[in-house]
Amino acid sequence: MTGISRRDIDTLVGTVDDMIASEMIGTGASAAELAEAMAHLDDHANQATLYPSATRRVRRLIDLLLAVSTPAERLEPEMT
């Protein structure tokens, strides 16, 4: 398992602050774990505390994703 790169973050999450990207990379999480964290947020309306089965890395990624999303993004589904 290889850790996520800035390119992975930009592809999966979009452009984020360099500090947040560094924190995400510093977790040692894989791209699959980042995708899992994003899926948790999509599935449960951003209630990260509901994920006791998620690994520590995934929970940290959820926290970081919550930090970069705006309140409107957390409440309303993305329109595509």
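What percentage of the 80 residues in the chain is buried? Buried residues come to 32%. Keep in mind that this is a predicted model.

On confidence, the chain has a mean pLDDT of 80, and 71% of its residues reach 70 or more. The lowest confidence is in helix α5, residues 71–75, with a mean of 49. The highest is in helix α2, residues 18–26, at 95.

Of the contacts with a separation of 6 or more, 56% join residues 24 or more positions apart.

Now to α2. Which residues of α2 are buried? They are Ile 20, Ala 21 and Met 24. Viewed down the axis of α2, the buried residues fall within an arc of 100°, so they line one face of the helix. Those buried residues pack against α1, residues 6–12, and against α4, residues 56–68. Asp 18, Met 19 and Gly 26 are exposed, on the other side of α2.

Last, the ends of this helix. At the N-terminal end, α2 is capped by Asp 17, which has a side-chain oxygen 2.8 Å from the backbone nitrogen of Met 19. After α2 comes Gly 28, with a positive phi near 80°.

Methods. Residues are numbered from 1 along each chain as its sequence is written. Side-chain values use heavy atoms; hydrogens and water are left out. pLDDT is the predictor's confidence in each residue, from 0 to 100. Helices (H or I, at least four residues) and strands (E, at least two) are DSSP runs, numbered from the N terminus. Buried means under 20% relative accessible area, exposed over 50%, partly exposed in between (1.4 Å probe, protein chains only). Contact means heavy atoms within 4.5 Å. The arc is that of the directions from the helix axis to the C-beta atoms. A polar contact is a pair of N or O atoms within 3.5 Å; within protein, one must be able to donate a hydrogen and the other to accept it, and residues adjacent in sequence count only if both atoms are side-chain atoms.
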